[in-house]
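Here is a short report to read alongside the model. Keep the viewer open as you go through the sections.

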Amino acid sequence: MSKYLLEFGAIAVAHFLALISPGPDFFLIVGTAARQGRARAAAVCFGIAAANGLYILLALTGCAVVKNRPLLWASLKTAGALYLLYLAVLLLRAPPRADRGAAVPEKVAASSRFRSFGAGFLSAALNPKNAVFYLSLFALIVDPKTPAGVQAVYGAWMFCAVLGWDLLVARTIGNGRVTRYVDGSAHWLEKGSGIVLFILGIIMLVR
């Protein structure tokens, strides 16, 4: 049991450090929350968590297809970079919103939530670093002899951690006193997020 606790501790710490490091998903959540409110941002969070869950499942099943096939890796990397650039352009071209609170109701249409979910899913799924991170994490830390049920617990924890952290970010930016504080600068917040996503997309293309 102590062995599994050590494995879990190592995985939890490594995963949390990676999770709190701002990346494309973080800035997508921030931009969405600042522009469209916490309901749309929450849908983005569920999409991101779903994509992470898919990669966690692949890592649990020992699937290293992405990591071992250079052509597939390059294609995924290019697609991810282009998608980040697309998201960046959307944020950078968005016009100022004079009254964000009146324009963004908390209850959004199902189709809007679905589009936000899709944006979050594609943002995480088309980032090849997510695939390599989970595959490497399990390969380096988890003993192959660790029972599948225990590994499933590791995976479930990471999925919940991704979803919980992202929802916390979305709620912080999109609601309460923080919302009132950033209301006046929401336009610049989303522009900043767009610039960061654009830079990350260019870096992914040239590396």
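## Terms and ground rules

A residue is called buried when its relative accessible area is under 20%, exposed when that area is over 50%, and partly exposed in between, using a 1.4 Å probe and the protein chains only. Leu92 shows the middle class: at 35% relative accessibility, Leu92 counts as partly exposed.

This is a predicted model, in which local features need pLDDT of at least 70 and side-chain atom pairs count only at pLDDT 80 or more, while totals for chains, interfaces and linings use all residues. Residues are numbered from 1 along each chain as its sequence is written, and side-chain values use heavy atoms, with hydrogens and water left out.

## The chain as a whole

The protein chain holds 11 helices and zero strands; here helices (H or I, at least four residues) and strands (E, at least two) are DSSP runs, numbered from the N terminus. Along the sequence, the pattern reads α-α-α-α-α-α-α-α-α-α-α.

The chain has 207 residues, and 43% of them count as buried. A contact means heavy atoms within 4.5 Å. Among contacts with a separation of 6 or more, 86% join residues 24 or more positions apart. The chain exposes about 11000 Å², with carbon and sulfur atoms supplying 71% of that area; accessible areas come from the Shrake-Rupley method with a 1.4 Å probe, and for residues only the protein chains shown count as cover.

## Helix H2 and the glycine after it

How many of the 13 residues of H2 are buried? The count is 11, so H2 is largely enclosed by the rest of the structure. Among its buried residues are Pro24, Asp25, Phe27, Leu28 and Arg35. From first C-alpha to last, H2 reaches 18 Å, close to the 18 Å expected at 1.5 Å a residue; the expected span is 1.5 Å times one less than the number of residues in the helix.

Just after H2 comes Gly37, with a positive phi of about 95°. Gly37 sits in the loop between helix H2 (24-36) and helix H3 (38-60). At 2% relative accessibility, Gly37 counts as buried. Its C-alpha is 8.3 Å from that of Ile173, although Gly37 and Ile173 are 136 residues apart in sequence.

Asn130 belongs to helix H8 (residues 128-141), and Asn52 lies in helix H3. Both residues are buried: Asn130 counts as such because its relative accessibility is 14%, and Asn52 because its value is 6%.

Leaving aside residues up to four places away in sequence, Asn130 touches Asp25, Asn52, Tyr55 and Ala124. With neighbours within four places likewise set aside, Asn52 is in contact with Asp25, Ala124, Asn130, Tyr134 and Val162. The side chain of Asn130 also reaches the backbone oxygen of Ala124 at 2.8 Å.

## The rest of helix H8

The 14 residues of H8 should span 20 Å at 1.5 Å a residue, and the end C-alpha atoms are 20 Å apart, which agrees. The buried residues of H8 are Pro128, Asn130, Ala131, Tyr134, Leu135, Ser136, Leu137 and Phe138.

Leu140 and Ile11 are 129 residues apart in sequence, with their C-alpha atoms 9.7 Å apart in space.

Leu82, Leu92, Ile195, Phe198, Ile199, Ile202, Ile203, Leu205 and Val206 make a nonpolar surface patch of about 760 Å². Helix H5 (70-93) and helix H11 (186-206) are the elements that give two or more residues to the patch. H11 supplies the largest share, seven residues. Patches are made of residues with over 30% relative accessible area and no salt bridge, joining like charges within 9 Å and nonpolar side chains (Val, Leu, Ile, Met, Phe, Trp, Tyr) within 5 Å. A salt bridge is a side-chain nitrogen of Lys or Arg within 4 Å of a carboxyl oxygen of Asp or Glu.

Arg93 and Gly194 are 101 residues apart in sequence, while their C-alpha atoms are 9.1 Å apart in space.

How values were computed:
A polar contact is a pair of N or O atoms within 3.5 Å; within protein, one must be able to donate a hydrogen and the other to accept it, and residues adjacent in sequence count only if both atoms are side-chain atoms.
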